[in-house]
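Please keep the sequence and the structure in view while reading.

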Amino acid sequence: ESPAITITGNNVEISGDAATGPYGTISDEHNSITGTTDDTAEIFMPPVDVPDSLTSLSSGGIINHDVTLVSGSYKYDSADLNANKTLTLNGDVNLYFTQNPSIKLTGSGQIIVNGTASIYFDGGLQLGGKGILNTSLDPPSFTLYGTDSATDVSITGVGSFYGTLYAPSASIAIFGNSEIYGAIAAKETTVSGVAGNTAIHFDEQLLVDSPTIGYDPYVWQEK
């Protein structure tokens, strides 16, 4: 069985501790974790329940061109954005994608968050391109929620991501010049700096202002 946490590459650093649930393992080939490791943490991550206000909607199909959504609730099959195509979320937006992959960003495709937004997804995420730009630079203002059927998430070369990602059934791979400001909760996470600098910066404000349902960080300590 693969490790719950895998860290590879010389350009990765976890400035703090790393913990898994009971019997989980941590692979850290370059001693990138500055703090302690713990494989006995009692961590419970409840499944994501998509609100009825989203599941009851009719789907708007596939987003594959420039789209701007204002405050409200929306349901789509998926988003496939490339070649400078942009999905812009203005105000307070709740969004639900049902197909696999749910979101695919390639080329110069991008999602821009102006305000607060929650995105629920049933399928995989392939976040490349220009990634997701949270203009507030405030991690609690943007959250990605993966349901039980969301099992694969890749974040590749997206620069800086400000937000939280809660996908308790997913395997998440982060690599290639990607910096995460916020928090990630997943079944397993692989972080690699082979293709560039990669880092996760936990936002301590999430300890008191976390939008992720039912999940509290087990421990966080700056080193």
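The model is a predicted one, in which local features need pLDDT of at least 70 and side-chain atom pairs count only at pLDDT 80 or more, whereas totals for chains, interfaces and linings use all residues. Residues are numbered from 1 along each chain as its sequence is written, and side-chain values use heavy atoms, with hydrogens and water left out.

L87 also belongs to the residues with the most contacts inside the largest nonpolar core, together with L89, L95 and L144. This core has 36 residues; a nonpolar core is a set of buried Ala, Val, Leu, Ile, Met, Phe, Trp, Tyr and Cys residues joined through side-chain atoms within 4.5 Å. Strand β17 supplies the largest share of this core, six residues. Another core, of eight residues, lies apart from it, and includes Y96, Y120, Y145 and A185. Buried here means under 20% relative accessible area, exposed means over 50%, and partly exposed lies in between (1.4 Å probe, protein chains only).

The secondary structure of the chain comes to one helix and 19 strands. Helices (H or I, at least four residues) and strands (E, at least two) are DSSP runs, numbered from the N terminus. Two strands are said to pair if DSSP finds at least two bridges between them. Strand β10 (residues 86-97) runs parallel to strand β7 (residues 67-69), to which three bridges join it; here V67 has L87 as its bridge partner. Five bridges, again in the parallel sense, pair β10 with strand β8 (residues 72-76), and G72 has its partner in V93. Along them, G91 stands opposite G115, and V93 has A117 as its bridge partner.

From β12 the pairing continues to β14 and β15. Four bridges join β12 and β14 in the parallel sense, with N134 as the partner of V113. β12 and β15 also run parallel, over five bridges, and Y120 stands opposite Y145 in β15. Nine of the 12 residues of β12 are buried, so this strand is largely enclosed by the rest of the structure.

The loop between β14 (131-134) and β15 contains T135. With a relative accessible area of 42%, T135 is partly exposed. Not counting residues up to four places away in sequence, T135 touches I112, V113 and N114. The C-alpha atoms of T135 and Y162 are separated by 8.7 Å, although the two residues are 27 apart along the chain.

The aromatic rings can be considered next. Rings of Phe, Tyr and Trp (its six-membered ring) pair if their centres lie within 6.5 Å; planes under 30 degrees apart count as stacked, over 60 as edge-to-face and the rest as tilted. By this rule the count comes to four aromatic pairs. In one of them, the rings of F142 and F161 have centres 6.0 Å apart and planes at 65°, so the pair is edge-to-face. Because F142 lies in strand β15 (residues 142-146) and F161 in strand β17 (residues 159-175), this pair ties together parts that are 19 residues apart in sequence. F142 counts as buried at 0% relative accessibility, and F161 is buried as well, with a relative accessible area of 5%.

Y162 and Y181 form a stacked pair, at 4.6 Å centre to centre with 10° between the planes. This pair links distant parts of the chain, with Y162 in strand β17 and Y181 in strand β18 (residues 178-192), 19 residues apart. Y162 counts as buried at 18% relative accessibility, whereas Y181 is partly exposed at 23%.

For the chain as a whole, 46% of the 223 residues count as buried. Of the contacts between residues at least 6 apart in sequence, 39% join residues at least 24 apart. Confidence is expressed by pLDDT, the predictor's confidence in each residue, from 0 to 100. The chain averages a pLDDT of 86, and 87% of the residues score at least 70. Over residues 218-223 the pLDDT is below 50, and this stretch has 18 contacts in the model beyond near neighbours in sequence. Where pLDDT is low, the predicted coordinates should not be read in detail.

Terms used
Contact means heavy atoms within 4.5 Å.
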